[in-house]
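Welcome, and please have your viewer open with the selection tool at hand. We will go from stop to stop, and at each one you will hear what to select and what is there.

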Amino acid sequence: MRDQVGYSRRRAALRPTPSGGWRARGPRVGLPAGEPSFPPVAGWEPKYRAGVIAGDLVAVVLGVLGVGGYVQHRAYPDGPLVGLVGLTTFAVLLAALMVNRAWNSAALGQGAEEFRRLGRAFVAAAVVLALGGLLFDIARLRPWVFVVVPATALLLFPIRYAQRQLLHRRRREGRCLLPVMAAGSLDTVQDLISRTRGSAHLGWRVDAVCTADGLGDGLPDVDGVPVIGRLSDLATHARRGGYRIVAVTPDQYWTPQRLQQLAWRLEGSGAEMVVAPVLMEVAGPRLHVDAVLGMPLLRVSAPSFTGVRRVVKDAMDKVGSAVLLALLAPVMLFVAAAIAIDSRGPVFYKQRRVGKDGREFTIVKFRTMVTGAHRMVTQLAEQNEGNGVLFKMRKDPRVTRVGAVLRRYSIDELPQLFNVLAGPMSLVGPRPPLPEETARYAPDVRRRLLVKPGLTGLWQVSGRSDLPWEEAVRLDLRYVEDWSLALDAVILWKTFRAVFSGAGAY
């Protein structure tokens, strides 16, 4: 209801133009100093942030009093339940969360940055406590460092994730959205509108558009969003309309001086100015803003394919695949028996795939099709529903009854854990392509081969076979460019939901 009232208020501040567009009521020049503007219509933001802080406090209290109290009692039965060590751990955890800006509104509810900050906070807390124990020779701190802090993290992360999922559900229902004013060329603004509508969980809703001439492409709107004025009047419209975000997209009109003046004129309006860089698909840890010779420069570092983080990733792949194989062994034995009973042929299906740097390896999967299915591709070529170089059919006659179930829930891919354990694959990465696919790759698409292919990836959690070929490639390249350990953790977490829903698998 609050969002609807805010939208009505912004529309009430608009007046029609002779060309059929919309402009802000009032003067078409900068607002006089001190003139009031509508406050941002996002009353849910402080409530959500307060809920996140409350959830974190609950997790920390449960970790310190529950887990910490139990550990303290087991180690020192005659001592206090928590004592000074517990209070110190509580204070260090809260301080670490604040120092790492884990409650900053800009990082809440979207992306891997929220969980990256949480991870840094818990690592920092553990390091501080460990150093304190060594410095003051306090042996009692050891269980708090190695048991209580990790246990608190295991409590806090699911709470944060549940809160995020609730927020995303509300956003898909049209609530808890941030009103956005988009300003730039028609093509870039249209692309922004399309992306925000396709990713409602990110929380942006473009309510108005400004263009260079104040007109759309022969229409008073862009994809149903009204064009309310020129780029030169953007600050006036933003202040009067109460937009939470002013998204500046590429256009010849924007010069460094005009962007600087726009930032000055938006000060005090409550609107956040967001400028889309030319490198649209590069983000995360690779982008840095530096001041050089008095000029702000956007520095793009090279993607990291080696180093300590890659060593950590390889170690996690080995340990993770070994643990999963041990846990899933009974399931895999049951699946193998079901395949053998359902149809004739081997239990496993082996196929050549292309891995890192173009090196081929043999992938192992549970067999889901009849024997000799690869020889039937030419007969079914006219019924291909795949995109780009992929062959896909929603109702493939080659798939067995057991195979259909295995494919729906990606159970057929479990034997690839052996490939991860052996080294050619990773738990997270681009989709492992066929040799004939890579032979037709364009030079930019071949960048997918700079890293190991993965058992899961952005393509797995974003629609799988329902994705157009271009979107699947974009997601794989985005992973290659912006890889991080935090992104891997988010993808692995989302994989469970994608697998259990069965969406896009056939």
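## First stop: helix α5

Begin by selecting R170, which counts as partly exposed because its relative accessibility is 32%. The cut-offs used on this tour are these: buried means under 20% relative accessible area, exposed means over 50%, and partly exposed lies in between, with a 1.4 Å probe and protein chains only. Before going on, please note that this is a predicted model, in which local features need pLDDT of at least 70 and side-chain atom pairs count only at pLDDT 80 or more, while totals for chains, interfaces and linings use all residues. Residues are numbered from 1 along each chain as its sequence is written, and side-chain values use heavy atoms, with hydrogens and water left out.

R170 sits in helix α5. Helices (H or I, at least four residues) and strands (E, at least two) are DSSP runs, numbered from the N terminus.

A salt bridge here is a side-chain nitrogen of Lys or Arg within 4 Å of a carboxyl oxygen of Asp or Glu.

Is Q163 buried or exposed? Q163 counts as buried, since its relative accessibility is 18%. Show its contacts (heavy atoms within 4.5 Å), and beyond residues up to four places away in sequence you will find Y48, G51, V52 and G55.

## Second stop: helix α3

Next, select L93 in helix α3, residues 83–99. L93 is buried because its relative accessibility is 2%. Apart from neighbours within four places in sequence, L93 touches V60, V64, F122, A125, V149 and T152. Draw a C-alpha to C-alpha distance from L93 to T152: they are 9.3 Å apart in space and 59 residues apart in sequence.

Select V123, V127, L131 and L134, which make a nonpolar surface patch with about 410 Å² of accessible area together. Accessible areas come from the Shrake-Rupley method, and for residues only the protein chains shown count as cover. One of this group, L131, belongs to helix α4, residues 113–136. L131 counts as exposed because its relative accessibility is 53%.

Move to C176, in the loop between α5 and β3 (178–183). Its phi is near 55 degrees, a positive value in a residue other than glycine. C176 is buried, with a relative accessible area of 10%.

Then select D357, in the loop between β11 (348–354) and β12 (360–366). D357 is not a glycine, yet its phi is positive, about 60 degrees. D357 counts as partly exposed, at 46% relative accessibility.

## Last stop: the whole chain

Finally, zoom out to the protein chain, with its 14 helices and 14 strands. Of its 506 residues, 45% are buried. The chain exposes about 26000 Å², and carbon and sulfur atoms supply 63% of that area.

Terms used: Patches are made of residues with over 30% relative accessible area and no salt bridge: like charges are joined within 9 Å, nonpolar side chains (Val, Leu, Ile, Met, Phe, Trp, Tyr) within 5 Å. Accessible areas come from the Shrake-Rupley method with a 1.4 Å probe; for residues, only the protein chains shown count as cover.
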